[in-house]
Each structure stands twice: as C-alpha cells, then as structure tokens.
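Good morning, and thank you for coming.

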Amino acid sequence: MGGFDEDVADAPSVLHPGLLESLAADLAALNYTVGGVADFVGQEAYAALNRDQLVPVLLACEEELRAAAPSPLVVPILLWLVGGTLTQDQLDLAFPITGAHGLQALRLIEPVDAPAPDALRRAAVELRPYSSDADGDLWVASDLGALQRPGVLRHDHVLGIGGASLTLAQITVRPRVRTALDLGTGCGIQTFHLLSHAEHVTATDISPRALAFTRFNLLLNAGPLGIDPGALDARVSLRLGSLLEPVAGQRFDLVVSNPPFVITPRSTEESPEDQFTYRDGGLPGDDIVSGLLADLPGVLVEGGTAQLLGNWEIPAGREWDERLREWLPEGTDAWIIQREVQSPLQYAETWLRDAAENRDRAAYVRRYADYLGDFASRAVDSVGFGYIWLRRAPGRAPAWVRCEEITHEVEQPLGPHLGAAIERGDWLASAAPGGAGTALDQGGPHQEGPNDNAPDDNAPDQHAPGRDLNWEYLLVAGDVTEERHQRPGAEHPGVILLRQGAGLRRTTLLSTELAGFVSACDGDLTAGQIAGALAVLLGEDGPDFVPDLLAMAGRLVLEGFLIPAP
Ligand SMILES: C[S@@+](CC[C@H](N)C(=O)[O-])C[C@H]1O[C@@H](n2cnc3c(N)ncnc32)[C@H](O)[C@@H]1O
C-alpha cells in the first residue's frame, strides 16, 4: 500500500510538536505516572482499574474534588481513565502549559455537547500512564474502552495496552538486534519495548488510525524512548498495509506480533467495516495464524526469530499441535506453548463480551449462534491459545519443532527464561568439539505431568546431532528444589519431584536413579562419570542404563532443571 496521511482526523494530532512537548511537561509535573496514580487513588483502587472496574477510582476522585484544594492530578485521572467531564477552568489549572485549548488541538479532549466556550469537556481518547523497566514512565493514547464510553466499540477501535499486549511484551526474548518488525502495532506498545534493544523498528498496521496513535505516542514519549522527534524515521518506520505486504522484500532480525487472531464467523454480506480490526483479520477460522506461521520465516534473516500470540482450532479427533506442525515451512525451528483451551461456547462468550456485543440481546443471540455454527462447520472441538516462537534455522543443525502444553501459572517476564532455554537447546543440539554426539529429542507433543521422564512414547520429529553429555559437567539450576513423598513408615520415598521456582515453573517426576544423578550434579564429575558410578552402585550392568540416564539428563537440561557448568 502506498503513502498515507500522517495526521488522521479522528486520532490524536501530530501537527503541533510544541504542544506535544508542553503536554509531556504538564503530565510529568502532575506526576501522572503508574506510581503517581496508584499512590493517589490507592493501590486497591488502581488494581480494580486494571480489572476494568472504574468505581473505586471514581469514588477516590469524587472525594478529592470535595477537598478545599484538590490535587490537580485528579483531573487527568477523571478525564482519561474514568471518562468523566471537566470544565475549561479545571483543565487550564491542571495543564498550565498546554491549556484546555492545547488539549483540544491535540484532539485529546472534546466538548460534551455544542462547541460552546463554557461547555464541559470530556476525553476524546484514553491517555494512560505506562511504565516499563527499559523505558521508565510513558503515556499511551488509545481509543476509549467500553467502560469509559458505553456502547459497542467502533469497528476500527485502536486497542489500548491489554492483557495480551503485556503477555507478548513479557515473553519476548530481547537480544540486541539491528532490525525489528512489529506487525499490527495498534497503539505502539510492542514498538516501545523493541526500541530498547533494536536499532530500527518497522511498525505496520492495516489501520491508518492505529498508525496515527502510534506516531502520536512515539512523539509524546520521544525523550524516554530515545527518539529525535524531528527524525523519527531514523529509529521507526510506520507502514500502512495488510500483514507482510508493507515489508515485502525486507528481512528482519526479530518480528513480534499480537495479530488479530480472534476466530470470527464470516458472512457473505460482511464488509471490512463490520470487522473489529483490532482482533479480526477478516479471514475464516484460524487462517491469520496459519498464514503467519507459514510466511513469517520468509521475512527473517538466517537465525532471526519471530514471536507471536495466536488462537488455533482443534478439530475433533486430532492432537492440538497437529495442524500447527503442518503449517510450519521447512527449515524453521519452532517452540509452541499451548497455554489455554476453550470450548466453542466459552470462546464465543469471551469475544462477544470483549467488544461489548452482549448489550443488545437479539444481536447477542444471533452472533452466539453464528459462532457455534461456524465452529461446527469445521468440526472444531476446542480452541487453543498460546505462545509461538519461530526461528529461521541457522543452517548448522536440522530444524526442530517443540510443542508443549503448559497451563499452570508461569513467572513473568518469561522472555529471559525462554531465551536461556533456547540457548540450552542449541548447546545440546550442537556437538561439542570432538564429541561423538547423542540423539536428543526436541519434538513430540509434550504434556507437563508426572510422567515427564518416563520412557518417552512420543516419536521425536527430528533428532539434532546432539552433544555427548558423557563429557559435560552439569549443575542443578538455582531455582530448583526437590520434594520427596513417602507413605508413613515406608523405607523409601514413593514420589520424588523436582520443582522450578522461576520461568515456566515446571515440575517433573524423577526415578530413583535420576534423583541420584541430579543430587550428584555439583560440577565435580562429568555426567558420564556420575552415570557410571550409579550403574556400579545400583548393580545395573545392562548396556542401556548409562545412555538412558544421560538422555533423561538431557531432557532435564532442555527444561532448565540442570544447566551446563560454566
Ligand atoms: C490485537 S491488536 C494488537 C495491538 C498491539 N500490537 C498490542 O500488542 O496490543 C492487532 C492489531 O493488528 C491490526 N491489524 C488487523 N488486521 C491487520 C492486517 N491484516 N494486517 C496488519 N495489521 C492488522 C489491528 O489494526 C490492530 O492494531
């Protein structure tokens, strides 16, 4: 798609650089930050706001307004977080540099009724403080949600920072890279994070309004994001267009995307205006996700990675990961973690509620039935949601595919843990100089559960050449603890578990010999020496004992219970 207007009439204005600077100065002086707002309304009320409950914050604001000299911080909170109305005087007082006129010129507020000078003003958009470890305090404009502006959302609604946005930001592995792509940027949240470790970010969206919000947010936060407002292109390119079309012919070190993955019933009469662009890519079923899995490796440099969130349909009688594996192109490493599974009914209810479509009863009944009919037409039994990590395989080893289901709570931010796990996987897959190499299973559907280290029934998809653990020194990772359970009076424990305190917080069941192996992993002996000593101790002279133990130790390394000694 060709050029596009930088300034879009119904999005915040970027035509007044001076006003953006004034606004940043006013917001900083007000202490309109995550910490400032939480202290002002109280931690509990702030937590309620994050659960989409406005009342506690509204009550805190009303109490403040009754005070003899209310804090001016009440003004932006009432305006942009609660969706309340304010007078010009209140706005001028709270924003002494920008003034009510400036806020209106930036299209952040609007008159409630007629544009009379004394009319009350209300928010035209949401402007919310956001805080990130890398960039500090930011302000992020997006469309008002259904709570602040009742009614069904507009179809080109620009999403604020939501649970999925934060999840993707937290699971992203962040090496320093030259080029990054944020596909479907929305209000720009992923781009803000990418700027802390990418020299240049390309942010794309099919919505000109989304790109206008992102541009506004980048310019408003130019200082903390390390951007020269006069030379935005030096750090960020904003591109309008669908999926990979705006970056045809380009390659990136890193791609992140929280794409419009919501499965939506299609109808022959619908037009693009009928689709909620923030969640619906306009394709049937899970075609958005299958298309991205197939095409994203093609825009990666060799060794480049992509991370995205997605939904996938699980047809009756098929394993959840079968279709995902079929979508992946040759030469792609992939690690897919299924985090949640919903029935078609639960799925329909979630997404009808999300867009406030449950307010019109007749339409709700019709749309609910549409969802069920749509899923039934493809024999969909359930819908999976999860994290997808892809890598254009570096070429030095065969590509691997790993699919596992982890539905328990994990530790966020997960990105550093995923990065470390991938490094361990690469270490295991690479033959040590002079090492003979043992096969390592990186594949097969894998469920977290008590039989993790039982002999593996899952046929591995690919075998990496593999590191021979015989010669390696291993340590127990710092967050790992062991639990032993035994019947009262029993001589030996019936169950030995290893638990991770951090990252994916896995639990795994150990056999007695594997527990013995782990307890000896203190870096003094090689894995081969430990396994050999255990064979003697336990009187195990079969040819498989040591290789089997080392293969199980390899899985413990892959999963992060054991780590290579430095
Ligand atoms: C779920 S929102 C994600 C926004 C933001 N990146 C985040 O993490 O919160 C999906 C975004 O993709 C955009 N989008 C929808 N269809 C698209 C398409 N075909 N190509 C590119 N972007 C699209 C929407 O406009 C929206 O901004």
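Predicted model: local features only at pLDDT ≥ 70, side-chain atom pairs only at ≥ 80, totals over all residues.

Two strands are said to pair if DSSP finds at least two bridges between them. With that in mind, please turn to strand β17, residues 473-476, which is joined to β21 by two bridges. The two strands run antiparallel. One of the residues involved is Tyr473, whose bridge partner in β21 is Thr526.

Three strands make up an open sheet, and their order is β21-β17-β22, with antiparallel pairing. Which strands are the edge strands? They are β21, covering 522-526, and β22, covering 562-564, and each of them pairs on one side only. From one strand to the next, the twist averages 35°.

I turn to the ligand. There are 17 residues around the ligand, and those that come nearest are Ser165, Gly184, Asp205, Leu243 and Tyr278. The shell consists of six nonpolar residues, 10 polar ones and one charged.

Which atoms of the ligand do these residues face? For Ser165, a polar side-chain atom lies 2.8 Å from an oxygen atom of the ligand. Gly184 places a backbone N or O atom 2.8 Å from a nitrogen atom of the ligand. Asn258 has a polar side-chain atom 3.1 Å from a ligand oxygen atom. How much of the ligand does the protein bury? Taken alone, the ligand exposes 590 Å², and the protein buries 96% of that area.

Thank you for your attention.

How values were computed
Residues numbered from 1 in each chain as written. Heavy atoms only, no water. Near = heavy atom within 4 Å. Polar contact = N/O pair within 3.5 Å; in protein donor to acceptor, adjacent residues only side chain to side chain. Areas by Shrake-Rupley, 256 points an atom, 1.4 Å probe, with all protein chains shown as cover. Nonpolar A, V, L, I, M, F, W, Y, C, P; charged D, E, K, R; others polar. Helix = DSSP H or I, 4+ residues; strand = E, 2+ residues; numbered from the N terminus. Axes fitted to C-alpha atoms, helices over the stretch in contact; angles between N-to-C directions.
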